[in-house]
Each structure stands twice: as C-alpha cells, then as structure tokens.
Amino acid sequence: MVQKILIVDDEPNIVISLEFLIKKEGFAVAVANDGEEALSKVAEFAPDLILLDVMMPKKSGFEVCEALRADPAQAGLKIIMLTAKGRDTEMAKGLALGADAYMTKPFSTKDLIGRIRDVLAA
C-alpha cells in the first residue's frame, strides 16, 4: 500500500521541490498552502505523515500540530515539522506539541527522505 504524505508550506518553490522529491520516492502526495487548509486536507486525504512548515498564514505549524494532537482520530498521524527557525526553543516547542521530528531548512534531500522513512517506520 502506498503511503501518503501531506506537504504543508506557504512557499511555492519549496512545495514544488518537496512534491517532486517525495513522488519520486514512491509516496502519494497532497499539498496544503496554509494551516487551515492543512486541517481540512488531513480529513479528506488521510495522510500517514505531514511535512509541516512552522511559519504560515492563518494557522502556524505549531497550531496545526496542537490541533491534530488534540484529535483522537489523528493519534497515529506522523508529523515532521520543517522550519527556517533552528533555535532550540522552537524545536523544543514543536516536539512538546507532539511532532515526531523537527528539521531546520535548508536540509539535504537525502536527510529528509531518511527522516521520513525513519518516522514512518517508528
């Protein structure tokens, strides 16, 4: 069964790059461009994992993560937060809200795919 990944980011160039990379690895992909759209896409697409940008309009990645973790129906959903903010306090906040992993932009595609596979296997 093909695993599904939801990309949530408001930067078009990042979305295009991530979508290409993840499809090439054999995953099914859907995209949301802001936090509110992310929550509705989770309901309709039922992803196995979300790549979730932190800094977005309408709802931040932190708010999306918190909302998903408060929903018992999403208990098994894996979340990798992606951000340009690499401060330890930001990372600690993301993990405290329930993210499975946290990666700082820029990252190598090899590292990202490795992290995706590790989180999905956990």
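Two remarks on method come first. The model is predicted, so local features need pLDDT of at least 70 and side-chain atom pairs count only at pLDDT 80 or more, while totals for chains, interfaces and linings use all residues. Residues are numbered from 1 along each chain as its sequence is written, and side-chain values use heavy atoms, with hydrogens and water left out.

I begin with the sheet. It is open, has 5 strands in the order β2-β1-β3-β4-β5, and is paired in parallel. Helices here are DSSP runs of H or I with at least four residues, strands are runs of E with at least two, and both are numbered from the N terminus. Two strands are called paired if DSSP finds at least two bridges between them. At the edges stand β2, residues 28-32, and β5, residues 101-104; each has a single partner strand, so one side of each is left without a neighbour in the sheet. On average, neighbouring strands are turned by 20° against each other, direction ignored. For such angles, axes are lines fitted to C-alpha atoms, for helices over the stretch in contact, and values run from 0 to 180 degrees between N-to-C directions.

Let us now go across the sheet. Strand β1, residues 4-8, is joined to β2 by 5 bridges, in parallel. Within this pair, K4 stands opposite A28, and I7 has V31 as its bridge partner. Of the 5 residues of β1, 4 are buried, so the strand is largely enclosed by the rest of the structure. Buried means under 20% relative accessible area, exposed means over 50%, and partly exposed lies in between, with a 1.4 Å probe and protein chains only. From β1 the chain passes through helix α1, residues 12-24, to β2, in a right-handed β-α-β crossover. Right-handed means that, with the strands pointing away from the viewer, the path from the first strand over the helix to the second runs clockwise.

On its other pairing, β1 meets β3 in the parallel sense over 4 bridges, and V8 has L52 of β3 as its bridge partner. L52 also stands opposite M81 in β4, and β3 and β4 are joined by 5 bridges, again parallel. The pair β4 and β5 has 4 bridges in the parallel sense, with A101 as the partner of I80.

Which residues of β4 are buried on each of its faces? K78, I80 and L82 are buried on one side, and I79, M81 and T83 on the other. In other words, 6 of the 6 residues of β4 are buried.

Contact means heavy atoms within 4.5 Å. At the start of α2, a side-chain oxygen of D34 comes to within 3.0 Å of the backbone nitrogen of E36. The buried residues of α2 are G35, A38, K41, V42 and F45. Seen down the helix axis, these fall within an arc of 110°, so they line one face of α2; the arc is that of the directions from the helix axis to the C-beta atoms. Their cover includes β1, β2, β3 and α3. The face turned away from the buried side carries the exposed residues A43 and E44. After α2 comes A46, with a positive phi near 50°.

Helix α3, residues 61-69, lies across β3, β4 and β5 and runs at about 170° to β4. Together, β3, α3 and β4 form a right-handed β-α-β unit.

I close with T83 and K105. T83 lies in β4 and is buried, at a relative accessible area of 1%. Leaving aside neighbours within four places in sequence, T83 contacts D53, V54, Y102, M103, T104 and K105.

Where does K105 lie? K105 is in the loop between β5 and α5, residues 109-121. K105 is buried as well, with a relative accessible area of 18%. The side chains of K105 and D53 are joined by a polar contact of 3.1 Å. A polar contact is a pair of N or O atoms within 3.5 Å; within protein, one must be able to donate a hydrogen and the other to accept it, and residues adjacent in sequence count only if both atoms are side-chain atoms.
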